[in-house]
Structures are given as C-alpha cells and as structure tokens.
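Hi,

Here is the structure I said I would pass on. Have a look at it first, and my notes come after.

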Amino acid sequence: MNFAPTESQEMMIDAAKRMVRDRIDPVLARHPVDKPLPRAAMLEIYAALAELGITAPRLPVEVGGGLNMLDYGLILEQLPAVVSLSLTSHEGTVARIYSGCPAEIAAQYLPDLIAGRKIACTANSEVNAGSDSNAVRTRIRVEGDHAYLTGRKMWITNASVCDVFNVSGTLGNDQRGRPMAQRALVDRSLCDVEVREIEVTGLQQGHLSEVVFDEARIPRSHLIGDAGDAAKTLTVGWNGNRPLIGLMCLHMAQKAFEQAVEYAKVREQFGKPLAAHQLVQQDLAEIETLIVSARLLCYHALDTIDRGQRANGTSAMAKRYATQACERAIHLAMQVHGAMGITAELGLERLWRDTRMFQVPDGMNGILALIQGREITGISAFR
Ligand SMILES: Cc1cc2nc3c(=O)[nH]c(=O)nc-3n(C[C@H](O)[C@H](O)[C@H](O)COP(=O)(O)OP(=O)(O)OC[C@H]3O[C@@H](n4cnc5c(N)ncnc54)[C@H](O)[C@@H]3O)c2cc1C
C-alpha cells in the first residue's frame with residue numbers, strides 16, 4: 001500500500017489549493033463568520049467547485065464525473081470545511097438523483113447541478129428518525145399524476161439555499177406492516193416548502209435547517225428510484241461520506257497544528273522558546289501522530305471503496321477515529337497557545353467548534369462503533 005501522491009494527484013491538490021486561495025476564501029472573508037452565507041455567495045463558490053470538476057465526482061466520466069474516491073478525498077481535504085460539507089451534500093444528492101431517476105428528469109436537473117448553477121440536498125433525518133433512518137415517517141401520497149409529501153425534516157445541510165431536495169419518505173405499510181420507503185425529488189420552484197435555519201455551535205457560515213413539507217405537490221414522475229431502494233442508496237453514500245468527513249476535520253487539524261508549531265517557536269517562557277520545552281514537544285508530537293494516523297485511516301477507507309471492496313467497517317472506523325482525533329489535536333493546539341488559544345481573534349476555537357459538528361452527521365460515533373462491531377462479529381447489536 002502506498003499513499004504517496006502521484007504526479008497527477010499533486011497537480012489536483014495544487015489546483016484545489018489555488019482555487020481556495022483565489023476564488024473561495026475571498027467569498028468566505030467577505031461575509032460574517034457566524035452567519036449563514038447568502039445564496040448568491042454559495043453560487044459563487046459552486047461555480048468555482050464546478051470548474052474544479054468536483055460537483056459530481058461519483059458519476060461516470062461520460063456524464064461529468066469519473067473521479068475515484070481517493071482522488072476526490074485528496075481534493076476535498078484542501079477545501080474549507082464549511083464548503084466541503086455543503087459540497088458532499090450536493091454531489092451526494094446528484095449521485096442519488098442519477099442512480100434513480102428517468103432519463104428525462106436527469107436531463108432536466110443534472111446539467112445545472114453539475115455546472116453549479118443549482119444546489120441540491122438530501123433530506124432524510126426527522127425529529128424521531130436520526131440514527132434509526134428506517135423510522136422515517138414523511139408520508140408520500142400518490143394521487144393521479146401527482147404525489148403529495150407531508151412531514152418534517154431536521155438538520156438538513158444546504159436546505160435554505162437549495163433548489164432541489166432528495167427526500168426520503170414512506171408510501172405507507174406493506175402487507176406485513178413494514179413501511180415502504182420511497183424517494184422523491186422536490187423542486188422548490190414547483191411547490192411551497194417551509195425552511196427554518198437552526199442555530200448551532202459551529203460551521204456557522206453553513207446551512208443547517210428544519211424543513212416542513214405540508215401536502216407539497218410534486219409530479220408523479222419525480223418519485224425516484226425503486227420503492228424500497230432509499231435505504232440502500234443512503235448507505236452507499238454514507239460509506240463514501242464517512243472518510244470524506246474525516247478529511248474535512250483533518251483540513252482543520254492540520255491548520256491548527258501548523259499554527260501551534262509556529263507559535264511554539266516564537267513564544268518564549270522561562271527564558272527559551274516554548275518549542276524548547278519537552279512537554280510542548282510532546283504535545284506537538286501527539287498532534288502530529290493524531291493527524292497522520294487519522295489521515296491514513298481515511299485514505300485507506302477511500303482506497304478500499306475504489307478497489308470495490310466492502311467498506312462499511314473501514315469507513316465507519318475512519319470517521320469515528322478521525323473526528324475524535326482531530327477534536328483532540330485542535331484542543332492540544334489551543335493548549336500550546338495558552339490563553340491566546342481560546343481567543344476568537346486567533347480562530348482556533350472556531351476550528352474546535354467546527355470540528356465538533358462532524359461527530360454527528362452520517363453516523364454518530366456510537367453508531368459507527370456498532371457498524372464496525374457488526375462487521376467484526378457478524379452480529380448486529382443495534383436493537
Ligand atoms: C452538521 C450536520 C449535518 C447534517 N446533515 C444532514 C443532511 O444533510 N441530511 C439529513 O437527513 N440529516 C443530516 N444531519 C442529521 C444527522 O444525520 C443526525 O443528526 C444523526 O444521524 C443523529 O441523529 P439524532 O441527532 O437524531 O441523534 P439520535 O439518533 O437521537 O442519537 C442520540 C445518541 O444516541 C446514540 N444512539 C442512538 N441509537 C443507538 C443505539 N442503537 N445504540 C447505541 N447508541 C445509540 C447516538 O450514538 C447518539 O449519541 C446532519 C447533522 C449535522 C450535525
């Protein structure tokens with residue numbers, strides 16, 4: 001196994017860094033750090049992401065995709081976390097739409113989504129359906145040429161700035177009393193949807209919302225995928241997303257590490273630089289170890305997916321370890337800075353809050369341990 005980047009991967013990484021410096025960071029810097037970005041700003045960012053070729057990486061090359069997951073991860077690791085979370089919601093939804101809708105619907109929606117002119121999201125979680133995504137109760141009623149959605153979704157990334165939702169719901173119960181899952185594409189320009197932004201601890205330039213569908217009417221042709229495939233498409237997406245989320249945290253932990261190293265060299269206490277004190281060197285060594293081990297686990301999980309092998313356990317392990325390792329790494333980087341570490345001015349406390357956010361989506365740590373445990377033992381301990 002060799003994770004040294006190839007020449008072409010180095011070029012992708014450099015291109016991503018340039019795009020962040022020239023096109024993405026300036027947009028983020030023009031807006032308050034603690035308020036959701038306006039939609040116009042998001043569209044500016046999406047234009048840059050489309051130019052970079054990462055708005056549909058999981059699609060086949062002939063329809064605008066064709067990146068393998070490890071290459072995608074290497075690029076994503078260079079992006080600010082608030083942007084990469086939005087992007088994975090968007091492009092994950094693009095992949096879900098592509099895998100389940102008739103050709104005419106794909107032709108109508110995918111070009112704008114891939115070009116970054118429109119934004120997509122996936123609405124699955126509900127008040128009583130979080131970790132247990134099978135408990136989704138959003139009702140889809142089909143009548144003639146239309147379907148009607150009624151339900152309340154929670155914690156939906158991109159919802160307040162999106163054009164299109166991929167919504168999971170239920171058509172009712174089958175003969176054995178089990179809910180029949182169904183996905184629906186909801187085009188915001190065709191029906192009323194109520195969206196309310198939720199205030200949270202981190203990633204505050206991003207968008208996390210509650211969404212209410214009240215008899216939202218959609219064309220029947222917008223019911224996508226086969227009835228019952230909703231859970232499967234979500235799981236495939238989550239397996240890919242988990243190590244990607246780990247890399248989003250690594251982007252932040254790496255920044256914190258570099259700041260801590262610089263500070264330790266210039267700040268003096270007891271007559272010498274902090275960096276010359278053994279316990280400070282131990283903190284720096286610990287941060288680097290956390291970062292490198294987490295990064296290798298994430299790359300390994302993405303590479304496992306690229307090789308077509310089962311990645312449920314490896315992906316879960318990568319996200320659980322990386323989110324915790326990065327939170328600890330940033331905490332230690334703050335310690336190295338003393339009181340400066342907790343100032344808003346320095347920005348480390350914001351990275352710490354942002355990192356904390358990633359322990360929740362696409363599987364909380366307890367759930368990820370259960371997924372890995374099921375892979376190890378062959379026994380499910382969920383219920
Ligand atoms: C930044 C962010 C982005 C998100 N984006 C989206 C999105 O785009 N679309 C979307 O649909 N959702 C999204 N979510 C929602 C997210 O997927 C859910 O919040 C998550 O699945 C957890 O659900 P919950 O909050 O209801 O917690 P719960 O499921 O209530 O879990 C609470 C606690 O109980 C534990 N627990 C639950 N069941 C078990 C069990 N069987 N055994 C042991 N422990 C258990 C959990 O590990 C957790 O610690 C997002 C959330 C965040 C924070």
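Below is what turned up, starting with the helices and ending with a pocket. Bear in mind that this is a predicted model.

**Helix pairs**

Start with α7 (residues 278-306) and α8 (residues 312-336). Their axes come within 9 Å, and the crossing angle is roughly 160 degrees. Since the cut-off for roughly antiparallel is over 145 degrees, α7 counts as roughly antiparallel to α8. As for the hand of it, α7 crosses α8 in a left-handed sense. The contact of α7 with α8 is made by 19 nonpolar, 5 polar and 3 charged residues.

Then there is α4 with α5 (residues 103-114). Here the axes are 11 Å apart and the packing angle is about 160 degrees, so α4 and α5 are roughly antiparallel to each other. The crossing of α4 and α5 is left-handed.

**Two backbone spots to check**

As a reminder, most residues other than glycine have a negative phi.

N158 has a positive phi, near 75 degrees, and is not a glycine. You'll find N158 in the loop between β3 (146-157) and β4 (164-173). Is N158 buried or exposed? With a relative accessible area of 1%, N158 is buried.

F270 also isn't a glycine, and its phi is positive at about 55 degrees. This residue belongs to the loop between β9 (268-269) and β10 (272-273). F270 has a relative accessible area of 79%, which means that it is exposed.

**The second largest pocket**

What is the lining like by class? The second largest pocket has 14 nonpolar, 7 polar and 11 charged residues around it.

Cheers

Notes. Residues are numbered from 1 along each chain as its sequence is written. This is a predicted model: local features need pLDDT of at least 70, side-chain atom pairs count only at pLDDT 80 or more; totals for chains, interfaces and linings use all residues. Side-chain values use heavy atoms; hydrogens and water are left out. Axes are lines fitted to C-alpha atoms, for helices over the stretch in contact, and angles run from 0 to 180 degrees between N-to-C directions. Helices (H or I, at least four residues) and strands (E, at least two) are DSSP runs, numbered from the N terminus. Angles under 35 degrees count as roughly parallel, over 145 as roughly antiparallel, 65 to 115 as roughly perpendicular and the rest as oblique. A crossing is left-handed if the near helix is turned anticlockwise from the far one by less than a right angle, and right-handed if clockwise. Ala, Val, Leu, Ile, Met, Phe, Trp, Tyr, Cys and Pro count as nonpolar, Asp, Glu, Lys and Arg as charged, and the others, Gly among them, as polar. Buried means under 20% relative accessible area, exposed over 50%, partly exposed in between (1.4 Å probe, protein chains only).
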